[in-house]
Amino acid sequence: MNKKSNLQPNVLNIPPEYIFVDCLARHLVQTYSADLSRLGDVTILTTTRRAARALQHAFLREARGVPLLLPRMRPIGDVDEDELLLEGGLSEDLQHALNLPPAIDPLRRQLLLGQLILKKDPENQDIAKAVGLALELARLLDQTQTEGQDLKDLWKIVPDEYATHWQVTLEFLKIISEVWPQILEAEGAIDPAKRRDLLLRHQIEEWRLFPPRGPIYAVGSTGSIPATAALLKLVSELPSGCVVLPGLDRYLDEETWAVVEHEPSHPQYGLARLLSYMGITRADVHDLTDPSAKTGTDARVHFFAEAMRPASTTDYWQQLELPDFEQMGALQLIECSGPQAEAQVIALKMREVLETPNKTATLVTPDRDLSRRVSAELRRWGIEVDDSAGASLDQSPPGVFLRLIAKMVADRFDPLSVLAVLKHPYANMGYPIGRFRTLVRELEINLLRGPKPAEGLGGLESLVIAAVAQTKISCELESWFTKFKQIVKPLEDLALSGEVPFEKFLKKYVSVAEELCVSENELQTVLWQGHFGEEAASFISELLRASDIAGPVKSDIWPELLESLMVGRMVRSPYGLHPRLQIWGPIEARLQRSDVMILGGMNKGVWPPEQAGDPWMSRPMRAEFNLPLPEKKIGLSAHDFQQAFCAKEVVLTRSEKMDGAPTVPSRWILRLQTLLQKNGASLVQKSSAQWLHWQADLDKPDIYSAQMAPRPTPPVSARPRRLSVTRIEKWIKDPYSIFADAILNLKPLDNIGEEPGGAERGTFIHKALEIFVERFPKELPEDAEAQLLQIGREVFSEILTYPAVWAFWWPRFEKMAKWFVEFEKERRSHYLPVKLEAKGVMKIGAPFGPFELSGTADRIDKSQLNEVSIIDYKTGSIPTEKQVETGISPQLALEASMLERGAFEGLEGLSVAELLYIRLSGGDPAGEKRQACKKLSVEELMEQAFNGLQRLVAQFDREATPYLARPRSEFVDRYNDYEHLARVREWSSGRGSDD
């Protein structure tokens with residue numbers, strides 16, 4: 001029999017100063033205290049599953065350990081949630097009559113939409129980009145269906161006067177208005193939002209015809225979804241129905257309340273619209289309160305209501321009398337220097353809470369970066385905190401490992417990508433983990449550091465073969481690499497074959513991933529273990545189910561495609577978390593409280609979250625299509641902020657700078673501060689400075705001790721007895737580098753898979769010039785420039801395949817070749833080359849025994865007067881005349897001294913008339929020649945350099961002479977391989993290598 005609904009809706013309100021779930025649980029327990037078993041007849045519709053869990057915990061707290069039959073709790077969803085599904089609820093007859101198709105799998109929908117986008121714009125899209133765009137398209141679908149709009153009406157919102165861009169957009173959106181419904185029909189499914197909307201509508205219809213027998217409560221919702229609002233209205237009119245609102249305002253005057261209904265950014269906008277839709281006023285809504293569930297103060301609620309009043313009514317502030325700040329309870333704002341400082345302050349506050357038994361604290365923030373920082377800071381005390389948002393699958397250990405393997409294949413087994421995979425904690429290939437790491441280090445040090453090998457496994461294998469021939473690596477590493485190659489080779493073969501069927505590629509890819517991280521006993525893989533592994537396995541399973549519509553895939557786009565499909569899949573840890581500390585999103589804080597509520601990230605763009613531009617519709621188009629404007633989300637966020645702000649103890653935090661740039665406080669902080677200033681108060685309290693002081697001391701060392709520059713004094717017997725002329729300059733400028741290199745025998749490691757750099761460029765240019773001059777020692781051919789370029793091509797041949805070499809080096813070489821030929825034509829009228837890359841050794845008497853000076857002159861020319869010119873080619877900068885004059889750069893002068901003392905074979909008895917630098921940059925100008933020093937003669941330079949070297953050798957032959965780091969700071973080289981070992985920045989008063 002049909003039951004008549006109530007004429008007056010039954011709507012209650014729990015004010016924001018009360019803990020919503022505790023107040024509701026206590027009310028229901030007291031209502032059914034005569035027979036608590038009747039609680040099982042009650043149905044409670046909550047906003048989300050997480051809200052239902054919070055209410056369950058409230059009932060458990062209220063029962064105080066007494067067994068209790070809980071009400072049935074069913075989430076109906078809300079606009080800000082991902083999980084907008086109605087569970088059960090319809091009678092069996094009506095469910096059978098409806099026969100609703102299942103909701104399409106989100107991953108399958110994303111791939112299907114991606115394929116449609118790819119077909120629509122094949123020239124500008126690949127499947128990876130299309131799938132990323134499909135995610136945004138799916139959101140538009142959900143939003144449109146949530147608001148109850150028909151996609152077929154899209155064409156009505158773009159009249160001819162709109163920009164051409166929107167006409168193009170409308171044509172593109174035919175994907176979802178015309179093609180997508182046909183796809184869904186073929187799939188036998190419907191969109192999740194559409195199915196939820198239909199279920200809600202049918203639920204409303206069934207309850208209208210057959211009201212539920214037991215009591216039914218709809219709690220915590222603001223009715224922001226049209227179907228939800230309709231359900232709330234029906235529940236409020238049922239004979240045994242009741243709607244419980246969260247935080248309805250009681251302080252704003254009626255004139256202002258009338259304005260609120262038209263201000264989407266106001267925190268009460270949603271509730272005002274809902275009451276209007278229900279046909280009731282605030283006076284018709286009674287408050288549900290309980291003194292034991294009250295945490296905030298009436299003064300703070302009043303203050304917040306006034307601070308957030310619509311801008312058009314802020315003139316009321318002139319005659320407003322606010323309560324004293326002390327009446328508002330524990331409330332303060334802490335402004336930190338940066339995000340890390342803010343995270344540390346929050347972690348300190350949460351840690352302090354644990355000093356009080358049973359006291360709880362919660363960080364509430366929409367800033368996921370801040371929540372990760374706080375979680376990391378709490379781990380310094382061994383505290384693992386529950387973050388309600390969880391972690392994204394793509395950032396989880398198995399997600400990262402899967403993405404690294406994809407990148408390794410796409411990068412054609414680039415050394416960096418290979419090491420990234422092999423150094424991941426999951427990688428072990430069945431080896432004992434310690435032994436595996438040792439072999440990976442051996443591979444890196446002996447093979448992968450240095451010039452980049454050829455692409456693919458073949459390039460790596462050639463390195464291994466060469467290293468085996470030279471006995472550079474162990475036999476175990478050779479065997480290990482063979483196993484690695486066997487594991488990944490099938491995946492490389494698929495990559496080389498171009499487009500591959502999605503299912504075939506995915507299965508082989510997963511198989512390779514499993515083999516790379518198989519356990520030591522080779523019985524199972526660690527990839528799918530733990531809650532992250534379970535979610536990764538579920539993700540791969542969904543991909544396999546959707547492989548029939550994914551189309552072919554290429555290995556080079558697989559990393560981007562994988563990331564686009566993984567992003568947004570959140571994983572929460574189910575265990576091992578602290579019972580008294582939490583991290584919530586703003587929605588979780590709407591209905592529940594902790595003793596201390598920390599509202600973090602109170603900056604513009606965070607509270608409220610910045611609303612990104614709609615890629616599909618402009619504001620007028622959204623308004624015309626009855627889609628909510630961005631201000632509505634701001635209003636919902638403001639309401640959540642109000643609920644958290646009215647807790648017992650509230651700490652607001654913000655960082656004053658982000659990435660070095662000043663930040664702007666949240667609009668709500670500015671409003672609160674503006675209104676407080678009227679009473680001469682401020683959110684920033686004296687205790688705020690104390691927290692900042694503690695934060696500054698958190699990582700501050702107990703003692704600062706001035707560090708002295710290193711002064712190593714090795715025994716004379718360990719000091720070098722032979723150095724080259726180029727290292728003499730280093731000995732003068734930075735003796736510590738000679739100590740680290742020649743005495744400690746520490747050699748800098750090459751970069752991993754490095755591209756040819758400046759050193760290689762200089763080597764190749766030197767070689768090309770050497771061959772050219774050697775081939776044409778006297779007369780230059782008519783096509784000298786062409787000959788030099790041909791020699792350059794031969795010398796550069798092995799590296800011309802590098803894009804940077806072809807794009808930058810070779811054009812510069814062409815310019816310097818032209819300059820060099822002109823220089824040679826002029827030069828050969830006075831000098832002819834007689835020695836190239838001439839090597840010589842000269843012995844010098846010293847207190848501790850002979851010292852050998854070696855040198856290699858780039859080029860030695862002889863004039864018709866039997867005078868010698870020593871030339872040094874430079875592809876970088878040339879020493880200044882002051883450096884040559886003062887003996888800081890004695891290379892050419894020492895080579896001249898060696899020549900006149902017979903160190904260079906075949907040039908005995910000749911005198912040096914010229915010391916010449918030739919700089920070859922390929923820039924503007926392409927080349928430059930310069931005498932080493934114009935102030936001093938060659939004889940003076942030679943004598944000065946030789947005497948200086950003798951003094952230097954004698955000085956370091958005394959054991960008391962230390963090898964100082966940077967003794968002449970005005971002559972510091974720009975690059976120094978040993979500066980970090982000398983710990984220069986610790987003792988040089990901030991003077992680093994950049995000064």
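In the predicted model, Arg-108 and Glu-187 form a salt bridge in which the closest N and O atoms are 2.6 Å apart; a salt bridge is defined as a side-chain nitrogen of Lys or Arg within 4 Å of a carboxyl oxygen of Asp or Glu. Arg-108 belongs to helix α4 (residues 106-120) and Glu-187 to helix α7 (residues 174-187), so the pair ties together parts that are 79 residues apart in sequence. Helices (H or I, at least four residues) and strands (E, at least two) are DSSP runs, numbered from the N terminus. Arg-108 is buried, with a relative accessible area of 14%, whereas Glu-187 is partly exposed at 28% relative accessibility. Here, buried denotes under 20% relative accessible area, exposed over 50%, and partly exposed the range in between (1.4 Å probe, protein chains only).

Residues are numbered from 1 along each chain as its sequence is written, and side-chain values use heavy atoms, with hydrogens and water left out. As the model is predicted, local features need pLDDT of at least 70 and side-chain atom pairs count only at pLDDT 80 or more, while totals for chains, interfaces and linings use all residues.

Across the whole structure, 56 salt bridges are found. One of them joins the side chains of Glu-205 and Arg-208, with an N to O distance of 3.6 Å. These two residues are three residues apart in helix α8 (residues 192-209) and are therefore separated by about one helical turn. Glu-205 is partly exposed at 38% relative accessibility, and Arg-208 is partly exposed with a relative accessible area of 46%.

A further salt bridge links Glu-914 with Arg-827, the closest N and O atoms being 3.0 Å apart. Glu-914 lies in strand β23 (residues 911-920) and Arg-827 in helix α31 (residues 803-827), so this pair ties together parts that are 87 residues apart in sequence. Glu-914 is buried at 12% relative accessibility, and Arg-827 is buried with a relative accessible area of 7%. Salt bridges that share partners join Glu-824, Arg-827, Arg-828, Arg-859, Asp-861 and Glu-914 into one network.

Helix packing was examined for α20 (residues 502-516) and α22 (residues 558-566), whose axes come within 14 Å and cross at roughly 85°. Axes are lines fitted to C-alpha atoms, for helices over the stretch in contact, and angles run from 0 to 180 degrees between N-to-C directions; angles of 65 to 115 degrees count as roughly perpendicular, under 35 as roughly parallel, over 145 as roughly antiparallel and the rest as oblique. Phe-502, Phe-505, Leu-506 and Tyr-509 in α20 meet Trp-558, Leu-561 and Leu-562 in α22, contact being defined as heavy atoms within 4.5 Å. The residues of this contact divide into seven nonpolar, no polar and no charged.

Two other buried side chains were considered. Glu-729, in helix α27 (residues 725-733), is buried with a relative accessible area of 16%. Its side chain is joined to that of Lys-733 by a polar contact of 2.9 Å. A polar contact is a pair of N or O atoms within 3.5 Å; within protein, one must be able to donate a hydrogen and the other to accept it, and residues adjacent in sequence count only if both atoms are side-chain atoms. Not counting residues up to four places away in sequence, Glu-729 touches Ile-888, Ser-889 and Pro-890. His-531, in helix α21 (residues 530-545), is buried with a relative accessible area of 19%.

Notes. Ala, Val, Leu, Ile, Met, Phe, Trp, Tyr, Cys and Pro count as nonpolar, Asp, Glu, Lys and Arg as charged, and the others, Gly among them, as polar.
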